[in-house]
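This report describes a single protein chain, from selected residues to the overall dimensions. The sequence and the model come first.

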Amino acid sequence: MTAAETVVTSTPEPVFFPDLVPELLVEDLSVSLHFWIELCGFEVLYDRPDDGFAYLHAGTAHLMLEQVGCGRNWIPGALERPLGRGINFQIMMPDIAPLLKRLANAGWPLFMTAETKLYATGDTRAGVAQFLVQDPDGYLVRFSSRVSAEG
């Protein structure tokens, strides 16, 4: 076999599916997809456009988006903005700086500006750089990256 005849096949990286994946009801799936994909760096693993549904991931962070009024919506009470009151989703990233830059370039407001914080974790401390932002439906998202716990 010559080099021209060599067939290179690549096996896609296996995707880890966590045991807990939040499903967020959204008003407009296309607007939410823009936020999560273009600004936050997530990718679509699969979607069902007729059901207004998309399954997204960034590394091992996974979430599902479902448009209200499409497919089957499980709604236990009135949906009032901001959605998801009382919860914030922490998403760990290797570095929050590129995400902060994309959000700033898009003029997307932050709920809480970036900070470095040390948290007690039993007998040790964990250091994180973090900020909070709301998605188009008001869900609060805390993007974090690990930093040295020295200090």
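## Local and overall geometry

F17 sits in the segment before β1 (23-26); helices (H or I, at least four residues) and strands (E, at least two) are DSSP runs, numbered from the N terminus. The model is predicted, with local features requiring pLDDT of at least 70 and side-chain atom pairs pLDDT 80 or more, while totals for chains, interfaces and linings use all residues. Residues are numbered from 1 along each chain as its sequence is written, and side-chain values use heavy atoms, with hydrogens and water left out.

F17 has a relative accessible area of 43% and is therefore partly exposed; buried means under 20%, exposed over 50%, and partly exposed in between (1.4 Å probe, protein chains only). Together with V15 and Y46, F17 forms a nonpolar surface patch of about 260 Å² accessible area. Such patches take residues with over 30% relative accessible area and no salt bridge, joining nonpolar side chains (Val, Leu, Ile, Met, Phe, Trp, Tyr) within 5 Å and like charges within 9 Å. A salt bridge is a side-chain nitrogen of Lys or Arg within 4 Å of a carboxyl oxygen of Asp or Glu. Areas come from the Shrake-Rupley method with a 1.4 Å probe, and for residues only the protein chains shown count as cover.

Helix α1 covers residues 29-39, with L29, S32, F35, W36 and L39 buried. These buried residues line one face of the helix, because they fall within an arc of 165° seen down the axis of α1; the arc is that of the directions from the helix axis to the C-beta atoms. G41 follows α1 and has a positive phi, near 85°.

V44 belongs to strand β2 (residues 43-48) and is partly exposed, at 36% relative accessibility. Its contacts (heavy atoms within 4.5 Å), leaving aside neighbours within four places in sequence, are L33, I37, Y55 and L56. A54 is 10 residues from V44 along the chain, and their C-alpha atoms are 6.7 Å apart.

The protein has two helices and eight strands, in the order β-α-β-β-β-β-α-β-β-β along the sequence. Overall values are tabulated below.

| Property | Value |
|---|---|
| Radius of gyration of the protein | 19 Å |
| C-alpha span of the protein along principal axes | about 60 × 50 × 35 Å |
| Accessible surface of the protein | about 9600 Å² |

A compact globule of 151 residues would have a radius of gyration near 15 Å; the radius is taken over C-alpha atoms, and the globule rule is 2.2 Å times the number of residues to the power 0.38. Buried residues make up 32% of the 151 residues.
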